[in-house]
Amino acid sequence: MSDVPMKPADEKEAKQNVEKTGEKKPEEPKKQPLPVPVEIRGNAALIDRAVSTLEPRYTLRVLRTLSALRKRLTVKILSDAIEAIYPLNSAVKPALLQWLPATEPEPEKEMDVDSATPPTPTPASTPTRHTNIEPVPEVEVYLRLLIIHFLLANQATYAQSLKLSQETVQKIQSLNRRSMDPIAAKVWYAVERAYELGGELAEARPLFLAAQRTASLRHDDETQASLINRLLRNYLHYNLYDQADKLVLKTNFPPSSGNPQHARYHYYLGRIRAVQLNYSAAHTNLQQAIRRAPPATTAPGFYQAVHKLSVVVELLMGDIPERGLFRHPVLAKALTCYFEIVKAVRTGSLSQFQSTLSKHAAQFEADKTYSLIVRLRQNVIKTGIRRLSLSYSRISLRDICVKLHLDSEEDAEYIVGKAIRDGVIDGHISHEQGWMECGSQKSGYGFDVSDVFMRRIQYCLELHNESVKAMRYPLNAHRKELDAAEAARQREAELLRQVGEDGGSFDDEPGIGEGF
Amino acid sequence: MATTALGTLYSQLQQAFASSDLLQTGQLLAKLKVGLITAGLLVPQGDVNFNDLVVAREILEIGAFWSIRTRDIPSFDRYFSQLQTFYNDYSSVLPPSPREYPIRGLNLIRLLTQNRIADFHTTLEALPLPADSLASNPYISHPINLEQWLMEGSYSKVWNAREEAPAEEYKFFVDSLMGTIRNEIASCEEAAYNSLPIKDAATLLFFRTQQEVLLYAQQRGWQVDLTGGTIAFTKKGEEKLEIPKDKLITANLQYARELEMIV
């Protein structure tokens, strides 16, 4: 559920993270007051348990707290945690500690060295076994991930975080452990951020491509999903839609990956399809992205980005987005200029459309929707014609020309002809009389309706089956049920015996006992 | 450049191109391409001399223009994809070429004439210009306008714009573009009209003589009524719809099975 920033805008992300920290509250009310080092240690224990029981659930639980945690990291907390988790003479400990900036909080660090022993005994009461047993490598990678995120928070340490992330990636690949996959997927995200903030996103591409190949060979679904998204984002950042499209064609997005990855993937796919004029496919993808995305308040940046695109795509398909969308608390402000475009398209006024477009050009350019919106021009005309065809059963080409501000009657004739061919309106032109005659409206029942209905039923059934498959049963839970059944049987026997003991008065009704 | 022979060939090529000697340019280009390959400059890799790259780019640019003048579109395609390395990957190293945008614009028009609209837009997105300044670049705005008119159906504007091409080479595409437009208009007419006088059809399709219209009508299989002087379009898609029985039955059976599983 974490880190869904799609736009590099840092403030947006920051806002998002603040929201996310808030989101954890209802879920884990006890977690909040926990001091960070304790939480990190707890997480390490959870990862340990995940590895020993082969249950990735625990790791996922740890990673869910990542985004909340990374806002509260400091050098002291990290070094404390490392000191506490690793035994005194561990080889890994100095390797990890060297990455922490020693220069910045010099006095604190000094104190740290002195008090290296005090923090260990205090928590030692609970995680005693960690003090002399070397933790699993997953814990090390997790700690590295935390350090990378910590380094990424400060502009001065970008280069260092990049180095660390490269080293971590090498480590992950040489270890090649399946239990590490979920953490590795997160590490890749951090790697991308490191490259991006360092301003050399393009150079990360070969690394990602190679890693993607390895991940798909190892059936490492989480990492694969994460990497495909990294690559798509990378391509789209440089407007390389061709390459992105080819990547989508050549790869299979693992269906078992998590919802946030799916949401991202669908968003990128939607963008590619929209540029390729395949609006209905784009719309489906964007819908999926919206449905799979975390709630609006959790990840407002992503939610806004998807909706911006989805509004434009919906307009390009000839639909008008719902009015309520623009009143949504998270979207209202972000979508103001899109709302004006929608208004212009809805009224079919070309002049209003042009003025809105030039007024908000910078905003659209920043959102990378400008060229899509320019394409809307023809839709403005089409909407205008459709409105005319609905309200008139016969209208002269001259009137169409005047109403839609077209340049000449000749143009109007061609445009109407094209609209009829494209199926925007139903009707025909009479050239001799110079008018357009509109056909009757189609009825709302037909095979396309039944097709849509069929698709929906299919979707519901699939949803049901998926949820049945996704249900989890705790181990040995059936034993409890068996016990309960056993107890019931005993009770029944008891009852029968009592009935039997109570005597012969019931002898003429033997059926009662069996009936129980 | 590795050899002086290539240098002399290059200056010969410039002269031949300037005097628009198509035959000689072609011959020189073939030799130069071999030279570029041996010098490892056709697809530059690693560290190469900065000046050599500029020369290689110019040779390819001349090649692209030459292929259009000789109306060899596949050849233009090849030159353009070779040039993309120079335009995209070396854009930060090399000084911008004055021929870059004319060639990019030509590529856009080529996509338009082949009716590859999706590719057209993908290429447009990949242009290294901010989207709102596209309109101020004459070489790029021409294809953009053409596309917009084509999409909204203002075919007469496209017809009138054929003389306003920003570069000589753009006109080579006009003929095939007109063919595309004519087919577009014809398919619109088939859908929009029941019948049309031959004279009007000629103006709508930008034909000058009735003869041309009749020939075109024959190609598209229109019914021409010479005595009445009209063209009748057969209506398609009016055939009676049948209930897709098989589909409905299989769907219902599937629902029944799924319901069984749920209950």
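Reply: Of the 263 residues in chain B, 48% count as buried. Bear in mind that this is a predicted model. The chain contains 12 helices and three strands. For contacts in chain B with a separation of 6 or more, 61% are between residues 24 or more positions apart.

Start with helix α5 of chain B, which covers residues 100-113 and holds both B:E100 and B:R104. These two side chains form a salt bridge, with 3.0 Å from N to O. Side chains of opposite charge can pair when their charged atoms come close. B:E100 and B:R104 are four residues apart, about one turn of the helix. An α-helix has 3.6 residues a turn, so residues three or four places apart point the same way. Are the two partners buried or exposed? B:E100 has a relative accessibility of 9%, so it counts as buried. B:R104 has a value of 5%, and therefore counts as buried too.

Next comes B:S81, in helix α4 (residues 73-89) of chain B. Its relative accessible area is 43%, which means that B:S81 is partly exposed. The side chain of B:S81 reaches back to the backbone oxygen of B:R78, at 3.0 Å. B:S81 and B:L60 are 21 residues apart in sequence, and their C-alpha atoms are 10.0 Å apart in space.

Along the chain, B:E168 and B:P102 are 66 residues apart, while 10.0 Å separates their C-alpha atoms.

Now turn to the partner. How many residues of each chain take part in the contact between chain A and chain B? In chain A there are 38, and they are in contact with 45 residues of chain B. The area buried between the two chains is about 3800 Å², and carbon and sulfur atoms give 58% of this area. On the chain A side, A:Y414, A:R421 and A:F447 lose the most area to chain B, together 18% of what that side buries.

Charged pairs also cross between the chains: the count is four salt bridges. One of them joins A:D451 to B:K247, whose closest N and O atoms are 2.9 Å apart. The count of residue pairs in polar contact between chain A and chain B is 13. Several elements of chain A each supply at least two residues to the side that touches chain B, including α23 (376-391), α25 (409-421), β2 (427-430) and α26 (447-470). The largest share, nine residues, comes from α25(A). By class, this side of chain A has 15 nonpolar, 11 polar and 12 charged residues.

A:E196 pairs with A:R193, the closest N and O atoms being 3.9 Å apart. The two are about one helical turn apart, because they are three residues apart in helix α12 (residues 181-197) of chain A. Both A:E196 and A:R193 are buried. They also belong to a network of salt bridges that links A:E192, A:R193, A:E196, A:R230 and A:R233.

Another pair is A:E140 and A:K171, with 3.8 Å between the closest N and O atoms. This pair links distant parts of the chain: A:E140 is in helix α10 (residues 137-152), A:K171 is in helix α11 (residues 158-175), and they are 31 residues apart. A:E140 is buried, with a relative accessible area of 7%, whereas A:K171, at 30%, counts as partly exposed. Over all chains, the structure holds 24 salt bridges.

How values were computed:
Residues are numbered from 1 along each chain as its sequence is written. Chains are lettered from A and ligands numbered from 1 in the order in which they are written. This is a predicted model: local features need pLDDT of at least 70, side-chain atom pairs count only at pLDDT 80 or more; totals for chains, interfaces and linings use all residues. Side-chain values use heavy atoms; hydrogens and water are left out. Contact means heavy atoms within 4.5 Å. Buried area is the accessible area (1.4 Å probe) that two parts lose on being put together, summed over both. A polar contact is a pair of N or O atoms within 3.5 Å; within protein, one must be able to donate a hydrogen and the other to accept it, and residues adjacent in sequence count only if both atoms are side-chain atoms. Ala, Val, Leu, Ile, Met, Phe, Trp, Tyr, Cys and Pro count as nonpolar, Asp, Glu, Lys and Arg as charged, and the others, Gly among them, as polar. Buried means under 20% relative accessible area, exposed over 50%, partly exposed in between (1.4 Å probe, protein chains only).
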